[in-house]
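Here is a short tour for anyone who likes to have the structure open while reading. Take a look at the model first, then follow along below.

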Amino acid sequence: MAAPVPVLRLPKGPDPNSRGFDPSSPRFIALCRTSIPTSAAPEADAEELQREQQVRSELRENFLWCLHAMTNKKVQFHMHEKVKVEATFGASDIDVLNFQVSDLQTPIGVQKEALIRSQDVISLSFDM
């Protein structure tokens, strides 16, 4: 049986700027820059903007269904330096910056509960 590994967790307070949903908030501007030129173009036609919004909505919904499908399933994270870890997926924060997992199996032991930063993850996989 693998030995649990102690971990130091630092608390992070709530964001006072609408948690990123206000388009004028610094958090939204930093994390949600648009990559589609029609969003920024003031002369863009309304039909193109509506189509873009519909596509973004569908992509977000598919992504959320994927996160939901992973809940309470064994997930393998492929990380930098060719490190692979396995854990039971719990949840993601609202900005998808962290993943909450249980029974994280690492090369140095097992952590009962942990947060994995999404920027440390190259890819992940799970069985349906």
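## Contacts along the chain

This is a predicted model. Counting contacts in the protein chain between residues at least 6 apart in sequence, 38% join residues at least 24 apart.

## Overall layout

The protein chain has 3 helices and 5 strands.

As for the surface, 21% of the 128 residues of the protein chain count as buried. The accessible surface of the protein chain comes to about 9600 Å², and carbon and sulfur atoms account for 59% of that area.

## Salt bridges in helix H3

The whole structure holds 4 salt bridges. One of them pairs the side chains of Glu48 and Arg51, at 3.0 Å from N to O. Both residues belong to helix H3 (residues 46-70), where they sit 3 residues apart, about one turn of the helix. Glu48 is partly exposed, with 27% relative accessibility.

Glu52 and Arg56 form another salt bridge, with their closest N and O atoms 3.0 Å apart. These two are 4 residues apart in helix H3, so about one helical turn separates Glu52 from Arg56. Glu52 is buried because its relative accessible area is 9%, under the 20% cut-off. Arg56, at 36% relative accessibility, is partly exposed.

## The Arg117 and Asp120 pair

Further along, the side chains of Arg117 and Asp120 meet in a salt bridge of 2.8 Å, N to O. Arg117 counts as partly exposed at 43% relative accessibility, and Asp120 is also partly exposed, at 23%.

Definitions and conventions. Residues numbered from 1 in each chain as written. Predicted model: local features only at pLDDT ≥ 70, side-chain atom pairs only at ≥ 80, totals over all residues. Heavy atoms only, no water. Buried < 20%, exposed > 50% of the residue type's maximum accessible area, 1.4 Å probe, protein only. Contact = heavy atoms within 4.5 Å. Areas by Shrake-Rupley, 256 points an atom, 1.4 Å probe, with all protein chains shown as cover.
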